[in-house]
Amino acid sequence: MDSGELEGSLKESFEVGIILPTYCEVANISKLIQEIEAIEMNLCILVIDDSSPDGTMDVVRSLQEKYDNILLYVRPAKTGLGTAITDGFKTFLSLPNPPKYIVTMDADYSHNPKDVPRVVAAAKKGKGLAIGSRYCKGGRIENWSFFRLLTSRIANMIAYLRVRAKIHDYTSGLRCYSTNLVKRMVSDLHSQTYEIQIETIRQAYKRQFDIREVPMTFVNRKKGKSKLSANEIREFITYILRMRNS
Ligand SMILES: Nc1nc2c(ncn2[C@@H]2O[C@H](COP(=O)(O)OP(=O)(O)O)[C@@H](O)[C@H]2O)c(=O)[nH]1
Ligand SMILES: [Mg+2]
């Protein structure tokens, strides 16, 4: 949060703030933001970009000229999905009027913007955390390799054994958090990379916030490359193995 720079400002307050973490998403970001803008909801967008060398930032800057509800937080180097989401939370909390609900979603089109209203509605009902779920009844995954599916299933199994919240999908990136929950847990978030998804569920569960799932279809990205590297898988495994049961 110290080393990034916020570009743009909001002239009004919004009910929902959407965090889009991006690293080299130039092929996806424009269409995605335009589809989010078409959702009928009082929302703003915060892109957290790690100085992507492919020009993702420039696309966002040009969209800022068209829409007045987009913020861009630029970090000097690729520093991981976990810190990107945490910086997104901190940025929203630092606004004079933070949104009441904060959504996170991947910027590679794996999450359909049309699913956002259902996830937000569920979070509003429970006042805690709602997760777009691939593994609850009605949830689906399209076009993942057998290896990717297997690693995701194993990660989810271990996460459940450690955290014990009755959740089917601990690693989904499409979520809606009540800002109250984010405020309560943000200082306890220390994840560098993808383990942020488990850490946030663990923090919400520990604090007895409502956690619910909404079925969704996850579609493997069609453009750009996955950033899940061997190093990130290692950090993820280290986190779930070291996690205490409490
Ligand atoms: N800012 C930022 N975004 C990241 C980083 N790593 C991944 N992302 C973004 O997080 C989202 C999920 O990453 P992705 O590569 O699609 O992972 P996968 O779907 O698990 O293969 C995408 O929008 C990425 O651009 C990072 O280090 N920094
Ligand atoms: Mg992806």
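## The sheet

An open sheet of 8 strands runs in the order β1-β4-β3-β2-β5-β8-β6-β9, and its pairing is mixed. The edges are β1 (5–7) and β9 (211–215), each of which pairs on one side only. From one strand to the next, the twist averages 20 degrees. This is a predicted model.

Within the sheet, β3 (43–49) runs parallel to β4 (residues 70–74), and 5 bridges join the two. In this pair, V47 stands opposite L72 of β4. Helix α3 packs on the sheet and touches β1, β2, β3, β4 and β5 (101–104). The direction of α3 makes about 150 degrees with that of β2.

## The ligand shell

Which elements each supply at least two residues of the shell around ligand 1? They are β2 (16–22), β3 (43–49) and α3 (81–93).

In total, 21 residues surround ligand 1. The closest are P21, A84, A107, S226 and K227. By class, the shell divides into 7 nonpolar, 6 polar and 8 charged residues.

## Helices α1 and α2

Two packed helices are described by the angle between their axes and the distance between the axes. For α1 (residues 29–37) and α2 (residues 56–66), the axes come within 10 Å and cross at roughly 30 degrees. The crossing of α1 past α2 is right-handed.

On the α1 side, I29, S30 and I33 make the contact. On the α2 side, the residues are T56, V59, V60 and L63. This contact of α1 with α2 comprises 5 nonpolar and 2 polar residues, with no charged ones.

## Two loop residues with positive phi

Y109 has a phi near 75 degrees, a positive value in a residue other than glycine. Y109 sits in the loop between β5 and α4 (116–126). Is Y109 buried or exposed? Y109 counts as buried, because 21 C-beta neighbours lie inside 10 Å and the cut-off for buried is 20 or more.

N143 also has a positive phi, near 70 degrees, and is likewise a residue other than glycine. Its loop lies between β7 (140–142) and α5 (146–163). N143 has 11 other C-beta atoms within 10 Å. The limit for exposed is 12 or fewer, so N143 is exposed.

Terms used
Residues numbered from 1 in each chain as written. Chains lettered and ligands numbered in written order. Predicted model: local features only at pLDDT ≥ 70, side-chain atom pairs only at ≥ 80, totals over all residues. Near = placed C-beta within 6 Å. Helix = DSSP H or I, 4+ residues; strand = E, 2+ residues; numbered from the N terminus. Nonpolar A, V, L, I, M, F, W, Y, C, P; charged D, E, K, R; others polar. Pairing = 2+ DSSP bridges. Axes fitted to C-alpha atoms, helices over the stretch in contact; angles between N-to-C directions. Contact = placed C-beta atoms within 7 Å. Left-handed = near helix turned anticlockwise from the far one by under 90°.
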